[in-house]
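Visitor: I have a model to look at and would like to know what the terms in its description rest on. Could you take me through it?

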Amino acid sequence: MKTTIKEAKQYLNQEVTIGAWLTNKRSSGKIAFLQLRDGTGFMQGVVAKAEVAEEIFKLAKELTQESSIYITGVISEDDRSDIGYEMQVKSIAVISEAHDYPITPKDHGTEFLMDHRHLWLRSKKQHAVMKIRNEIIRATYEFFNDNGFTKIDPPILTASAPEGTSELFHTKYFDEDAFLSQSGQLYMEAAAMAHGRVFSFGPTFRAEKSKTRRHLIEFWMIEPEMAFCEHAQSLEVQEQYVTHVIQSVLTNCKLELNVLERDTSKLEKVTTPFPRITYDDAVVFLKEQGFDDIEWGEDFGSPHETAIANHYDLPVFITNYPTKIKPFYMQPNPENENTVLCADLIAPEGYGEIIGGSERINDLDLLEQRINEYGLDAESYSYYLDLRRYGSVPHSGFGLGLERTVAWLSGVDHVRETAPFPRLLNRLYP
Ligand code: 4AD
Ligand code: MG
């Protein structure tokens, strides 16, 4: 019977064959322990000299790291294994022998591992991070499908800038200038006027010269947009969505969280509602905490966000930022016209901003005024203004950065390990 490591538990005490790679091995004169992986999981194969043909034992002892094999044996229970079972090997057939695999069980520096990202993905921890990423994506589709959202795909090649012009990737579009999408939001607003509740999930590009553990040049963003939705209601959707994702990862990625040695106690505590603090109160709080550098009207940096998040030890919404440090499309706060109806969701444990969201301006005149004030070309936003010309409604939306969320839930401290092939300031390879 041909099976996989993950499915092998259904074949306890039966003989199966699995296509696998050898990740590591340990052997003595009488026994060889083969560490196997097959994409679905990791498992030990035990080769006892007394139980197998002589040439099989010899082969097991000589097998090189990352050689590919078909391995046949009986699945047996094993309490010491994190999956609960192993294989008592009977035979091995080599598919392809590997020599001098660059990533050995010893420690390698990060740059070396990043240069070998195409191989590093095979390692147990990197495999676990990608599984958690996949679970977040799965839970995202589940949440939005279950809550009446339609998935709409905005374009990647665009003519205008939603989030300010300084971070755009420029490219030629035949004879025209084009930019890689830095957010699908403006198109999602159009989609919300057609479908009510919509979400997108796609790549996003920011030509930011930031070299921090939270910044990628290319990242994936989930962008829901809701018609007839005020900002307060959007915050409720956000906290329900994030809580659903956490619960899904805690339930379905136990093995992976264990491999990553993630302390899940803080994740387990997360429930709705999340704490909310206004930008104004956050400035006062930061000053009390001894941050003398922050003045009202300035954006918060990582240390500020971390200090606020540490205070709550939960994801926290910082609401109503000053208008002038936010993009042109945000609805003014009726209680203080110098601020807007927006929120950033800050993850605990120092993982930083994972969501940016807001209510959008729905008044045509005000939106035109803002486009002028921000020095944007009104003509390229004509389609966006149409949404205010023809049946404008209050609407809100947000964007969640996938990689930062993966980093937080997996407990890895740099986003470069949360994308399969991260695009970083000085890295386009592999
Ligand atoms: O706060 P941002 O820039 O918001 C928007 O783009 C809005 N148009 C979203 C919307 O309302 N539809 O980005 C949203 C999120 C951030 O909170 C962060 O999680 C992630 O995207 N993000 C990045 N992730 C990795 N690397 C970068 N350089 C990122 N920039 C933003
Ligand atoms: Mg933001």
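**Around the ligand**

Guide: Gladly! A nitrogen atom of ligand 1 has a polar side-chain atom of glutamate 223 at 2.7 Å. The model is a predicted one, in which local features need pLDDT of at least 70 and side-chain atom pairs count only at pLDDT 80 or more, while totals for chains, interfaces and linings use all residues. Residues are numbered from 1 along each chain as written, chains are lettered from A and ligands numbered from 1 in the order written, and side-chain values use heavy atoms, without hydrogens and water.

Visitor: What makes the pair of glutamate 223 and ligand 1 a polar contact?

Guide: A polar contact is a pair of N or O atoms within 3.5 Å; within protein, one must be able to donate a hydrogen and the other to accept it, and residues adjacent in sequence count only if both atoms are side-chain atoms. At 2.7 Å, the glutamate 223 pair is within 3.5 Å, so it counts. Glutamine 185 has a side-chain N or O atom 2.7 Å from a nitrogen atom of ligand 1, and leucine 216 has a polar backbone atom 2.9 Å from a ligand 1 nitrogen atom.

Visitor: How much of the accessible area of ligand 1 does the protein cover?

Guide: The protein covers 93% of the 630 Å² that ligand 1 has on its own (Shrake-Rupley method, 1.4 Å probe; for residues, only the protein chains shown count as cover).

Visitor: Why is the crossing of α5 and α12 called left-handed?

Guide: The term applies if the near helix is turned anticlockwise from the far one by less than a right angle; clockwise is right-handed. The axes of α5 and α12 come within 10 Å and cross at roughly 35 degrees (lines fitted to C-alpha atoms, for helices over the stretch in contact; angles run from 0 to 180 degrees between N-to-C directions). The crossing is left-handed, so the turn is anticlockwise.

Methods
Helices (H or I, at least four residues) and strands (E, at least two) are DSSP runs, numbered from the N terminus.
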